[in-house]
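Biologist: Before we discuss any assignment, please show the sequence and the model. I shall then ask on what grounds each label rests.

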Amino acid sequence: MNPPAVPPPPSALEKLSPPTQWAMLIAGSAVLAALFRITHLPAALMLGPMVAGIVLSSNGASIRAPRPAIIASQTIVGCLVARALTGDIAPAFAKDWPLLLGSVLVMVAASGLIGWLLARFGVLPGTTAVWGVAPGGASVMMVMSGAFGADPRLVAFMQYLRVVLVAALATVVARLWVGSAVTGPDVVWFAAFSPLQFLLTLLIAGLGGALGHMLRIPAGALLVPMVAGTAMEAAGLVHIILPPWLLAMSYAFLGWSVGLGFTRAILLHASRTLPQVLGAIMSVIGVSALLAWLLVMGAGIDPLTAYLATSPGGVDSVAIIAASSGANLSFVMSLQTARLVVVLIAGPPLARFIAQRMRQPAK
């Protein structure tokens with residue numbers, strides 16, 4: 001009889017108390033965010049916490065971003081998008097809807113093909129491959145993947161790795177496009193604002209997020225406040241107020257939610273397929289870059305907006321990067337939302353189809 005496996009000794013981080021780990025995470029996030037801001041990287045307030053979370057989590061940290069804080073942060077980003085949306089986006093979208101809808105369908109079809117190839121060559125099981133490369137919200141894809149027989153650990157690894165790579169590439173593209181001369185005004189962290197309008201903003205975020213969560217709308221914590229805030233702002237019923245300190249807190253929790261998802265178990269479980277997974281992710285990113293080029297040439301969209309709109313990253317991450325880089329946030333979110341809806345509709349039947357094909361014996 002083989003002796004029972006001896007678990008590995010806990011790492012130095014695992015021996016630390018949760019408050020100490022949180023202190024290290026917050027300090028590391030602040031330092032990295034400051035360094036990223038010095039170099040004028042867009043979304044520095046999200047990328048700093050994300051990188052700090054990856055470093056700590058992959059080295060044994062046990063803390064995780066609280067789910068209520070993540071949901072609350074998504075509602076704030078939804079209000080941020082609502083504040084940026086303009087009334088001219090609908091006519092612009094309607095003008096070129098065949099090209100825009102076509103780009104969404106091409107991205108979904110390309111990701112499905114890549115997932116099928118991963119399953120066909122035995123890199124990953126069929127449903128896991130489909131949900132792992134699906135260009136939708138990472139957390140939404142993980143939740144749905146478990147319900148369709150996929151391995152949530154591998155799906156989480158693929159989704160979060162893609163989010164990190166897309167966020168990194170998007171910030172580099174934004175940095176190169178915006179240039180060092182465009183740094184924006186200095187942030188006034190505690191500027192005066194209307195308490196009434198701020199309270200109304202919090203009500204839109206809280207009630208909209210709760211409704212989206214209660215109705216189980218995918219990414220509803222972001223999308224419902226976004227729609228409600230846009231409608232109320234357009235009607236003149238509210239002026240959305242989002243103080244910089246509130247946005248910084250929201251960005252931090254969203255960065256931690258991604259970074260702390262890279263646990264050692266997930267990394268070890270997926271290490272044997274890392275080259276193939278990286279190839280699949282870069283293929284999806286390559287398709288999105290090609291679609292961005294087509295939007296630039298066919299619809300006259302500026303390159304930065306086109307790239308962010310087609311980027312297969314998380315909706316909240318792309319929204320933050322677009323908002324901090326001067327891109328057309330309304331256009332970016334319109335295309336990102338449309339793609340998320342198509343993925344949610346096409347994902348389940350596509351996963352079932354590929355899984356059934358993989359189970360069929362070769363003739």
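Modeller: In this predicted model, 77% of the contacts in the protein chain between residues at least 6 apart in sequence join residues at least 24 apart.

Biologist: What does the secondary structure of the protein chain come to, and what percentage of the residues is buried?

Modeller: The secondary structure comprises 17 helices and 0 strands. Of the 363 residues in the protein chain, 49% are buried. The accessible surface is about 17000 Å², and carbon and sulfur atoms account for 72% of that area.

Biologist: How many aromatic pairs are there, and why is the pair of Trp 22 and Trp 256 called edge-to-face?

Modeller: The structure holds 4 aromatic pairs. For Trp 22 and Trp 256 the centres are 5.5 Å apart, and the limit for a pair is 6.5 Å, so the two rings qualify. Their planes stand at 75°; edge-to-face requires an angle over 60 degrees, and therefore the label applies.

Biologist: What makes this pair a tie between parts of the chain that are apart in sequence?

Modeller: Trp 22 belongs to helix α2 (residues 18-38) and Trp 256 to helix α12 (residues 244-259), so the pair ties together parts that are 234 residues apart in sequence. Both residues also belong to one aromatic cluster, together with Phe 253.

Biologist: Why are Trp 22 and Trp 256 assigned to their burial classes?

Modeller: Trp 22 has a relative accessible area of 21%; buried requires a value under 20% and exposed one over 50%, so Trp 22 is partly exposed. Trp 256 has a relative accessibility of 7%, which is under 20%, and therefore counts as buried.

Biologist: Why is the pair of Phe 193 and Phe 198 called tilted?

Modeller: The ring centres of Phe 193 and Phe 198 are 4.9 Å apart, and the planes make an angle of 55°. Stacked would need under 30 degrees and edge-to-face over 60, so the pair is tilted. Phe 193, with a relative accessible area of 32%, is partly exposed, whereas Phe 198, at 13%, is buried.

Biologist: How do you know that Gln 197 is buried or exposed, and which residues does Gln 197 touch?

Modeller: Gln 197 lies in helix α10 (residues 195-214). Its relative accessibility is 19%, which is under the 20% cut-off, so Gln 197 counts as buried. Leaving aside residues up to four places away in sequence, Gln 197 touches Val 238, His 239 and Ile 241.

Notes. Residues numbered from 1 in each chain as written. Predicted model: local features only at pLDDT ≥ 70, side-chain atom pairs only at ≥ 80, totals over all residues. Heavy atoms only, no water. Phe/Tyr/Trp six-rings, centres within 6.5 Å; stacked < 30°, edge-to-face > 60°. Helix = DSSP H or I, 4+ residues; strand = E, 2+ residues; numbered from the N terminus. Buried < 20%, exposed > 50% of the residue type's maximum accessible area, 1.4 Å probe, protein only. Contact = heavy atoms within 4.5 Å. Areas by Shrake-Rupley, 256 points an atom, 1.4 Å probe, with all protein chains shown as cover.
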